[in-house]
Structure formats: C-alpha cells, structure tokens
Amino acid sequence: MKLPICDITSFTLQDFPNHTACILWFGGCNMRCSYCHNPELVLGKKKLLPWQDIQQFLKERQKLLDGVVFSGGECTLSPELPELIKYVRELGYKVKLDTNGLRPEILDLLLTDQQLDYVALDYKAPRDKFKEITGKSQFDMFRKSLEMLCTNDVPFEVRTTVHTGLMDEKDIKVIMADLEHLGFNGNYYLQNFQPAPSTLRPLPEQLRKLDIHALPSSKAFTVHTRNF
Ligand code: SF4
C-alpha cells in the first residue's frame, strides 16, 4: 500500500477518549489555516514512511493499544484510507478519525460501513469567516459532515481553534447556536491558539485569550477549553 503517512505517535492517552492509542499522521491537507502548526506536513514536504514499517508497527502494538487515531493534515484525502482502516480494524484496533469535514462523501462511506468508533470534527469558523480562516470557501461541505454526524450514532466531538486576532466571542456564539440548532449533545472543545515556531501563514498578534465567561452556557452540549 502507498500511503501519505509521515509520522507515527506511538502512544497517547489524550487523543482517543478512554482509549490507549497511537496516531498516524497523514501529509497533505485541503485547507490552509493560517494558524496551522504543521506547515511541512500540510504542504507535503515531509518524507513518507514505508508501508512495511507502518505494518510492522501496527502488528507489534496489536495487543498493547486499544485504538488508532487517523490524523494529519487531512487523512480523508488519501484514496487508501478506507482500505487501511479496514486493515487496522481486522487487527483488532478501534478507530478514531480526525477531520476538517471537507470530504463528507468519505465520512459517509466510513459511517455507512461502520468503520468508525469516534470522530473529532473541526468547526473552523462560522460561514462568514470560513474562507478567511481556512483559505477555502467550502463551508457547505463541512456543514454536510456536521449534519451527518449529528444524525449518526457514532460518538463525536467538535473543536474550534481560536486565535483572538482572527475570531472572537461573537463568532463562537454563532458556532454554538448552530450546534444547538443541529441537536449536538457531545463535547465542544475551544482550543486556545498557542504561538508556534512556524505557522502556515502570517498571523496578527494575539493580545488576549478568549473570554469563556462571555459565552452562553448550553444545555445540550458541554464546552471545554484547552491549549492547541
Ligand atoms: S490546521 Fe488547517 S491546514 Fe493545518 S492540518 Fe488542520 S485543517 Fe489542515
């Protein structure tokens, strides 16, 4: 199999709720978020791992880890993803998918085939700021993925990275209202942008953190904050 996997995190307790897991990092992405911490990964400048090495790693950890996180970059861009997920499940792992939601057709395929145990979906920005934040204008594709997950039984979380030079409490209120409207009842993570050695595009200065107390509380879902 030829896969755009550039790196493996061999163990994590934080990325797949209630599971021990490893992370497969896919190179390439269909967004260009200015605050992205992984420019080399996104722009496909990293060396790919040979399939034999990935296979050997997965076989060696088979009985030691509960799950595999498919992350990136954007892993749904890889045509081999469904086949790899099947392979990983046959080894006995549970599967978590990290996605920006721009490929609802792949998400649909994986959900229909019952190949996913957990999904983390990025809600990058409300419609009117989506292009500015992500460099892409396909908000409707993302929204389709969100709707699909809201009507499916697979547990999922939603997360938004917030750089207050780009988005503020008003924008988060719009996102929260949309999540309420769709009946989302899981965990919503607000991730404070942390300065990084390199980002994908130049950023304005961030002078403050998001004021979480200025946000409404939700009866439907739980809001958490964490650093990105
Ligand atoms: S932060 Fe944006 S550009 Fe970077 S990997 Fe995630 S979706 Fe892609």
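Predicted model: local features only at pLDDT ≥ 70, side-chain atom pairs only at ≥ 80, totals over all residues.

The buried residues of α5, which spans residues 127-134, are Phe130, Ile133 and Thr134. Seen down the axis of α5, these buried residues fall within an arc of 85°, so they line one face of the helix.

**Helix α5 and what surrounds it**

- The cover over the buried residues of α5 includes α6.
- After α5 comes Gly135, which has a positive phi near 80°.
- As background, an α-helix has 3.6 residues a turn, so residues three or four places apart point the same way.

**Helix α4**

- Helix α4 runs over residues 104-112, and its buried residues are Pro104, Ile106, Leu107, Leu110 and Leu111.
- Just after α4 comes Gln114, with a positive phi of about 55°.

**The chain as a whole**

- The protein chain has seven helices and eight strands.
- Its radius of gyration is 17 Å, close to the 17 Å that the globule rule gives for 228 residues, so the chain is as compact as a globular protein of that length.
- Taken along the principal axes, the box filled by the C-alpha atoms of the chain is roughly 50 × 35 × 30 Å.
- Of the 228 residues in the chain, 37% count as buried.
- Among contacts between residues at least 6 apart in sequence, 77% join residues at least 24 apart.

**The nonpolar core**

- In soluble globular proteins, nonpolar side chains tend to be buried together.
- In this chain, the largest nonpolar core has 59 residues, and those with the most contacts inside it are Val68, Phe70 and Val95.
- Strand β2 (residues 21-26) gives the most to this core, with six residues.
- With its neighbours within four places in sequence left aside, Phe70 is in contact with Leu24, Phe26, Cys75, Leu81, Val95, Lys96, Leu97 and Asp98.

**The surroundings of the ligand**

- Around the ligand are Cys29, Met31, Arg32, Cys33, Cys36, Asn38, Val42, Gly72, Gly73, Glu74, Asn100 and Leu200.
- This shell consists of six nonpolar, four polar and two charged residues.
- Two residues of the shell, Gly72 and Gly73, are joined by a cis peptide bond with omega near 25°.
- Gly73 is located in the loop between β3 (67-72) and α3.

- Most residues other than glycine have a negative phi, and most peptide bonds are trans.
- Asn18 is not a glycine, yet its phi is positive, near 65°.
- The loop between β1 (5-12) and β2 contains Asn18.
- Asn18 has 9 C-beta neighbours inside 10 Å and therefore counts as exposed, as the limit for an exposed residue is 12 or fewer.
- Gln114 likewise has a positive phi, about 55°, although it is not a glycine.
- The position of Gln114 is in the loop between α4 and β5 (118-122).
- Gln114 is exposed because 10 other C-beta atoms lie within 10 Å.

- Leu91 belongs to the loop between α3 and β4.
- There are 14 other C-beta atoms within 10 Å of Leu91, so Leu91 is partly exposed.
- Apart from neighbours within four places in sequence, the residues in contact with Leu91 are Leu58, Lys59 and Gln62.
- Leu91 and Leu58 are separated by 33 residues in sequence, and their C-alpha atoms are 8.0 Å apart in space.

Technical notes
Residues numbered from 1 in each chain as written. Near = placed C-beta within 6 Å. Nonpolar A, V, L, I, M, F, W, Y, C, P; charged D, E, K, R; others polar. Buried ≥ 20, exposed ≤ 12 C-beta atoms within 10 Å, placed from the backbone. Helix = DSSP H or I, 4+ residues; strand = E, 2+ residues; numbered from the N terminus. Rg over C-alpha atoms; globule rule 2.2 N^0.38 Å. Contact = placed C-beta atoms within 7 Å. Arc of directions from axis to C-beta. Core = buried A, V, L, I, M, F, W, Y, C linked by C-beta atoms within 7 Å.
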